[in-house]
Amino acid sequence: MGDSPHTVTTMPAARRPGCPFDPPAELTEARGHGPMSRYTFPGGKPGWLVTGYDLVRSVLADQRFSSRKELMLHPTLDYGDIEVPPAPPGEFLLMDEPRHSRYRKPLTGKFTVRRMRLLTERIEQVTAESLDAMEQAGPGADLVTAFAKPIPAIVICELLGVPYQDRGSFQEQVYSFMDGETGDEELIAAYTGTQEYLAQLVAAKRANPTDDVLSDLTDSDLTDEELRGISLILLAAGLDTTANMLALGTFALLRNPEQLAALRAEPELADRAVEELLRYLSVAKTFMRTALEDVELGGRTVRAGERLILSYNTANRDPERFADPHVLDLRRQDGGHLAFGHGIHQCLGQQLARIEMRVAFPALLNRFPTLRLAVPPEEVPLRPELADIHGVKSLPVTWDA
Amino acid sequence: MRVTVDAERCIGSGMCALTAGEVFDQDPEDGTSVVLRPEPPEEALDAVRAAVQLCPGAAISLSADR
């Protein structure tokens, strides 16, 4: 193609007012121009913004596009020529093969569909306990603190083997480096504090193994440092992503009352509803890759060393892939969303997340038949767009006593 | 029709077991795909085709019997 591609000059810092579920208008507009746009990184380095479903999927499936941390560039801040170190041992999200597999392989057997289904009953219990507490303290609650955060937090902590009494303190630290608003100094303190805690936890599991994933992993050739990195990834992913899906998903259902009513009336809709909420909300919204060699993509040449920002939320709203993509339709049949990614880095915990949501959403709706927002929708505070995971900071709800 | 899984490509995502549970399971140790029914019944073929599409490692093939 000889035509010059559409160019995007900066990643949008906010969504359109009144559209908390839709990708920022600039990204949807970019998709309208074509599935990939030119993107110039701060400091003038040329790159790409990939917004179309097919191209995002093919980049994710192609290991000529690297996930290595040391090759990443911040999409909006110019750090000059500062050298980014490779991902620390165990933090396999930002690694390529074969390093990535060393850490991921021992974990895949622990997150199978079958194993996660066995947790259903426990997740139902945890959910019921959260709802009991919410009901007793209400009417009126912040759904984020009463429901969305505690359920996935308890589940991932139990799975990994974090003792109950330790949970509160370090959960807050993990949240603080995910919320997109924590200042640099505080961020470093939270990260260091979490690392110190996890180092102690690994040592404790080595000394006294218990029945959990981390203890199982001590029975391998993984070092303490590697186990700490793995734990950090699992906790960050397990604490923040599902929590945001639960809160933002509830917000989306409350804003689509006929969809909410359908889910309440038809429990068998739950599996499909979860997939549709994942597609519609795409809370993990952008990831990055770096071309390791020249690659032809979508009729253009991505040069070795160029970075690509992959926009999952526009890919999941791609009109060439999904009919009426901006409509939340819990009965939608066309699966294959990219909310968990694709390729070798596809979300390790996706089967856990599915079960948590499949249990939690219907339980919430059934417990509170009159659940509604306690503030006008435009007053629900959103996370800043530059946070890695999209969501609401709080979700004030109420119900009839 | 015959289903095969390329073990080298399988990443153990479980998408096949989720989508076509009567044809696929996962190895309890490493999570990789286990084909329960290499020649799936007619009524399972749509689900198997969906699993082929969804597989994040492009590890599943569905081919005509020879």
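In this predicted model, helix α13 (residues 270–281) of chain A packs against helix α15 (residues 350–367) of chain A at an angle of about 110 degrees, with the axes 9 Å apart; axes are lines fitted to C-alpha atoms, for helices over the stretch in contact, and angles run from 0 to 180 degrees between N-to-C directions. That makes α13(A) roughly perpendicular to α15(A), a term for angles of 65 to 115 degrees. The contact joins A270(A), D271(A), A273(A) and V274(A) of α13(A) to R354(A), M357(A), R358(A), F361(A) and P362(A) of α15(A), where two residues are in contact if their C-beta atoms, placed from the backbone, lie within 7 Å. By class, this contact of α13(A) with α15(A) holds 6 nonpolar, no polar and 3 charged residues; Ala, Val, Leu, Ile, Met, Phe, Trp, Tyr, Cys and Pro count as nonpolar, Asp, Glu, Lys and Arg as charged, and the others, Gly among them, as polar.

Residues are numbered from 1 along each chain as its sequence is written, while chains are lettered from A and ligands numbered from 1 in the order in which they are written. Local features need pLDDT of at least 70 and side-chain atom pairs count only at pLDDT 80 or more, whereas totals for chains, interfaces and linings use all residues.

Helices (H or I, at least four residues) and strands (E, at least two) are DSSP runs, numbered from the N terminus, and two strands pair if DSSP finds at least two bridges between them.

| Strands | Sense | Bridges | Bridge partners |
|---|---|---|---|
| β1(A) and β2(A) | parallel | 2 bridges | T7(A) and R38(A) |
| β2(A) and β3(A) | antiparallel | 5 bridges | T40(A) and P46(A) |
| β5(A) and β11(A) | antiparallel | 2 bridges | A141(A) and V397(A) |

Helix α1 (residues 25–33) of chain A forms a right-handed β-α-β unit with β1(A) and β2(A). In the hairpin of β2(A) and β3(A), 5 residues lie between the strands, and G43(A) takes a positive phi near 90 degrees.

Between the chains, the contact takes 15 residues from chain A and 18 residues from chain B. On the side of chain A that touches chain B, α3 (99–108) and α4 (113–117) of chain A each supply at least two residues, and the residues of that side divide into 4 nonpolar, 9 polar and 2 charged.

Definitions and conventions
Angles under 35 degrees count as roughly parallel, over 145 as roughly antiparallel, 65 to 115 as roughly perpendicular and the rest as oblique. A crossover is right-handed if, with the strands pointing away from the viewer, the path from the first strand over the helix to the second runs clockwise.
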